Amino acid sequence: MAEEKHHHHLFHHKDKEEEGGPVDYEKEIKHHKHLEEIGELGTAAAGVYALHEKHEAKKDPEHAHKHKIEEEIAAAAAVGAGGYAFHEHHDKKDVKKEEKEAEGGKHHHHHF
């Protein structure tokens, strides 16, 4: 029985294998690398914005509560974007592993 992996993506697309054609592993690796980098940029941007709001809360005591809430929202967004980058990093590693298995004829070497 073949093992099936199901990936849940924001944008659903069929793999070339599902369409009956060969998988372009380089393209898949680049795709996941690109999405990983977008996640990293989102993490950095949200983190910088959180620090900005923290600074604004100190600078503008009259609206400190509003700035503190925006800081916490930005911090949560940074964590979410970091999680997304981490997810894409592992998808990229999975594609590299699939490529290696496809090239090697799916030989499994067990070392004891």
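Analyst: Start with Glu36. Its relative accessibility is 10%, so Glu36 counts as buried, since buried means under 20%. This is a predicted model.

Glu36 has a partner. The side chains of Glu36 and Lys92 meet in a salt bridge, at 2.9 Å from N to O. Lys92 is buried too, with a relative accessible area of 12%.

Next, the two helices. H2 covers residues 25–59 and H3 covers residues 64–103. They pack at an angle of about 165 degrees, and their axes are 7 Å apart. An angle over 145 degrees counts as roughly antiparallel, so that is how H2 and H3 run relative to each other. Their contact has 17 nonpolar, 8 polar and 17 charged residues. The crossing of H2 past H3 is left-handed.

The count of salt bridges comes to 4. Lys59 is exposed, at 56% relative accessible area, whereas Glu56 is buried, at 15%.

Another joins Glu71 and Lys68, also with a closest N and O distance of 3.4 Å. Both lie in H3, about one helical turn apart. Glu71 is buried, at 12%, but Lys68 is partly exposed, at 38%.

How confident is the prediction here? Confidence is highest in H2, at a mean pLDDT of 97. The protein averages 85.

Note on methods
Residues numbered from 1 in each chain as written. Predicted model: local features only at pLDDT ≥ 70, side-chain atom pairs only at ≥ 80, totals over all residues. Heavy atoms only, no water. Axes fitted to C-alpha atoms, helices over the stretch in contact; angles between N-to-C directions. Helix = DSSP H or I, 4+ residues; strand = E, 2+ residues; numbered from the N terminus. Parallel < 35°, antiparallel > 145°, perpendicular 65-115°, else oblique. Left-handed = near helix turned anticlockwise from the far one by under 90°. Nonpolar A, V, L, I, M, F, W, Y, C, P; charged D, E, K, R; others polar. pLDDT = per-residue confidence, 0-100. Buried < 20%, exposed > 50% of the residue type's maximum accessible area, 1.4 Å probe, protein only.
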